[in-house]
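Good morning, and thank you for joining the group meeting. I shall walk through one structure, beginning with a term that the talk relies on.

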Amino acid sequence: MTFLQKKKQYGILFLIALIALFFLMILSGTLGAADISFSESLRIMVSGVPWLRRFADAGSIRSSSRMILWNVRLPRVFLSALIGAGLSIVGATFQGMFRNPMADPYILGISSGASAGATAAIVLGWGGMVSGMGMTALFAFAGALLTTLLVYRIARVGNRLPTLGLILAGVAVGFFLSSLVNIMMFFHRDQMERIVMWTMGSLATATWGQVRILFPVVLLGSAVLFVFARDLNAMSTGEETAKSLGIEVEKVKKFLLALSSLIIACCVSTAGVIGFIGLIVPHSIRLALGSDQRVVIPFSAAFGAIFLVLCDTLARNLIPPSEIPVGVVTSLFGAPFFVYLLHRNKKKVM
Amino acid sequence: MKRTTKANNSFITISILTAFLLMLTGLLAGCGQGSDKKGNNGAGGVKTAETKNSHGSAEGDADTQPEDKDESTVYPFTITDSFDRKVTLEKEPQKVVSISPAVTEIVFALGQQDKLVGRTDYCNYPEETAQIESIGNLMSPNIEKIVDMEPDVVIASAHFQREVLQKLEDAGLTVVILYGEESFEGAYEAIGKIGDLLNARAAASGIIDDMKTTVADVEKRVKGKEKPSVYYVVGFGELGDFTAGKDTFVGQMIEMAGGKNAADDVKGWNYSLEKLLEKNPDVLICSKADHQKEQLKTANGYQDLDAVKNGKILEMDKNKLEIQGPRLANGLKEIAKYIHPEAFK
């Protein structure tokens with residue numbers, strides 16, 4: 001009832017979040033290591049959009065600047081938004097599905113699987129590109145999906161998918177794969193730096209091709225996950241209760257698992273393991289707007305996007321020309337922010 | 001949902017597990033030798049000068065081409081780089097970005113530093129590199145910065161990622177990746193190719209000849225002398241003990257300098273403290289940086305070595321041994337001078 005009353009407010013708030021995201025992305029596009037002035041970057045961006053071309057004259061700007069903006073910065077900004085949204089929405093889904101506040105997108109070992117795949121590619125020297133996708137990314141994707149499949153098979157009991165079994169299997173498989181990664185690193189010390197850098201997460205080599213792949217996956221995936229928000233609400237009261245409400249709990253779990261794994265596999269294989277977002281953004285939304293999944297899910301996506309765009313902007317502009325791996329920035333800056341939120345809402349949480 | 005049989009279930013689980021185990025076995029088998037292969041792709045390797053534009057060699061190779069008489073590079077110039085790509089430079093490059101300390105050193109040695117507009121954080125020799133703008137680190141350089149510099153050619157070396165190459169090419173830049181095997185020949189080749197690229201063939205030949213002379217001189221002086229056992233300290237302490245095995249270039253350099261590599265019973269870089277104590281080498285080589293010599297004197301196990309007790313530790317700038325560039329010959333000579341001082345009087 002409260003939700004229905006507030007529905008209009010939430011709608012407006014969501015719209016504001018999207019607009020904020022849009023402006024943040026534009027701002028992020030004007031910041032970077034190259035020497036391009038604010039007005040120049042704006043002109044380049046406006047002149048690149050077909051309908052707005054007549055409003056800006058970008059002819060006098062160096063072609064390298066235009067190249068940087070369109071081929072280096074903007075794909076990166078878009079990718080951050082998409083991955084931030086994907087990680088957060090899956091985090092929210094898993095927290096609902098497992099009824100566990102500590103759940104994050106990587107709880108089922110998917111990050112270890114992706115790392116193992118990527119490490120295998122790096123170590124075997126298959127660094128080539130196949131139709132625009134790096135081999136490392138492909139291997140990481142395969143590793144992530146295989147891991148999910150394995151965890152699913154281990155945890156499955158007949159037709160049911162016990163959540164505790166899933167978590168335990170995920171933890172065990174995750175540990176096993178991390179050890180594999182460590183062994184590979186140990187025997188290939190010369191590649192260690194590269195493997196660690198991949199694991200820490202980086203958006204530095206973002207391409208429009210990656211954006212094109214991630215855009216439908218994240219957007220459609222998020223839309224579908226939103227459809228299941230009601231079911232997740234019911235499941236949060238317990239699976240038996242949910243069943244009695246008419247929800248096909250096992251089917252929903254399997255479907256959500258499959259869809260979430262797909263989204264995460266795409267995100268991690270593109271940009272490495274970016275931690276903290278999937279865990280914290282949903283909680284931040286809950287602290288601010290309550291636990292109704294119909295609110296948490298969409299807003300997690302929106303704020304996840306904002307958060308990662310922010311972190312990536314910091315990552316590449318704090319100590320130019322060096323770049324801090326974005327996974328480091330998310331934890332370093334996200335954690336204190338979250339502690340602040342907790343502090344402000346102590347009464348609510350306790 | 002169709003109920004699968006229990007056997008079907010186990011079969012699939014087992015096959016997935018087997019897939020993982022096979023992967024694990026395959027990787028471990030491949031690491032048995034543990035040899036340290038530079039370069040992160042399958043195409044790496046020595047690209048000998050098969051193109052017409054081979055650099056001049058004092059030894060008078062079979063390919064004496066008309067170009068050797070006039071040492072200038074003819075543009076447009078096509079080179080096959082270490083990623084097996086054919087790259088063409090339309091004209092002599094005036095702005096070069098280096099993504100490798102070795103390349104930076106070579107460019108300076110060739111006297112072409114005025115063309116250098118970008119270098120990595122790790123390029124610190126010679127000192128003048130500090131005046132050139134940095135573009136970040138070797139593995140993930142700042143792509144924006146490089147594009148902004150509008151270089152005519154970007155020269156990279158080992159540890160260069162394909163993804164970065166893709167982005168630079170998307171931005172319309174010309175990229176050449178050059179690295180050879182880790183050896184003097186590999187260094188000569190790298191120097192020669194960069195000399196070709198930057199129209200500095202004469203300088204390149206000069207450097208290569210000097211290096212060859214130094215190397216030959218060192219080998220002559222230490223010939224027939226008794227070989228002290230030498231241990232090259234790469235790492236020690238809690239992270240493990242690492243040295244240069246017999247298949248590494250440094251290991252070979254030790255032999256060339258008239259020493260016996262104490263770690264010539266292993267390939268690769270891993271060693272064990274126990275074995276080292278057993279070998280009790282005559283000489284240790286460590287890095288001048290990070291006060292390694294002081295740390296060795298108090299390190300567990302190392303402090304009991306004769307070499308440490310007698311102070312027979314050669315502190316040197318490791319870049320002279322590890323960067324495939326002009327200073328390799330100097331590094332070799334430094335080792336030889338330390339272990340056979342009487343031969344260099």
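Predicted model: local features only at pLDDT ≥ 70, side-chain atom pairs only at ≥ 80, totals over all residues.

Is Lys95(B) buried, partly exposed or exposed? A residue counts as buried with 20 or more other C-beta atoms within 10 Å of its own, and as exposed with 12 or fewer. Lys95(B) has 15 such atoms within 10 Å, so it is partly exposed. Leaving aside neighbours within four places in sequence, its contacts are Lys115(B), Val117(B), Met149(B), Glu150(B), Pro151(B) and Asp152(B). As for Gly235(B), it lies 140 residues from Lys95(B) in sequence, and the two C-alpha atoms are 38 Å apart in space.

I turn now to the chains, starting with chain A. Chain A contains 15 helices and 2 strands. Its radius of gyration is 21 Å, close to the 20 Å that the globule rule gives for 350 residues, so chain A is as compact as a globular protein of that length. Along the principal axes, its C-alpha atoms occupy a box of roughly 65 × 60 × 35 Å. Of its 350 residues, 50% count as buried. Among the contacts of chain A between residues at least 6 apart in sequence, 75% join residues at least 24 apart.

Chain B has 13 helices and 12 strands. Of its 345 residues, 42% count as buried. Where contacts in chain B have a separation of 6 or more, residues 24 or more positions apart account for 59% of them.

How is chain B divided into domains? Domain 1 covers 66–212, and domain 2 covers 224–344. The centres of these two domains of chain B, taken over C-alpha atoms, are separated by 31 Å. Where they touch, domain 1 of chain B contributes 16 residues and domain 2 of chain B contributes 9 residues. On the domain 1 side, the elements giving two or more residues are helix 3, helix 6 (184–197) and helix 7 (201–222) of chain B. That side consists of 11 nonpolar, 3 polar and 2 charged residues.

Next come the strands of chain B. Strand 1 (77–80) and strand 2 (86–89) of chain B are paired antiparallel through 4 bridges, and Thr80(B) faces Lys86(B) in strand 2 of chain B. These two strands make a hairpin with 5 residues between them, and Asp84(B) in the turn has a positive phi of about 65°.

An open sheet of chain B has 4 strands in the order 4-3-5-6, with parallel pairing. Why does one side of strand 4 and of strand 6 of chain B lack a neighbour in the sheet? Strand 4 (116–118) and strand 6 (175–177) of chain B stand at the edges, each with a single partner strand, so one side of each is left without a neighbour. Within the sheet, strand 5 (153–156) of chain B is joined to strand 6 of chain B by 3 bridges, and Val154(B) has Val175(B) as its bridge partner in strand 6 of chain B. Helix 3 (101–109) of chain B packs on this sheet, where it touches strand 3 (96–99), strand 4 and strand 5 of chain B.

Among the buried residues are Val103(B), Ile106(B) and Phe108(B). The buried residues of helix 3 of chain B pack against strand 3, strand 4, strand 5, helix 6 and helix 7 of chain B. Just after this helix, Gly111(B) has a positive phi of about 80°.

Finally, chain B has an open sheet of 4 strands in the order 9-7-11-12, again paired parallel. Strand 7 (229–232) and strand 11 (283–287) of chain B share 3 bridges, and Val230(B) has Val283(B) as its bridge partner in strand 11 of chain B. Helix 13 (328–339) of chain B packs on this sheet and touches strand 7, strand 11 and strand 12 of chain B.

Terms used:
Residues numbered from 1 in each chain as written. Chains lettered and ligands numbered in written order. Pairing = 2+ DSSP bridges. Contact = placed C-beta atoms within 7 Å. Axes fitted to C-alpha atoms, helices over the stretch in contact; angles between N-to-C directions. Domains from an automatic or database assignment. Nonpolar A, V, L, I, M, F, W, Y, C, P; charged D, E, K, R; others polar. Rg over C-alpha atoms; globule rule 2.2 N^0.38 Å.
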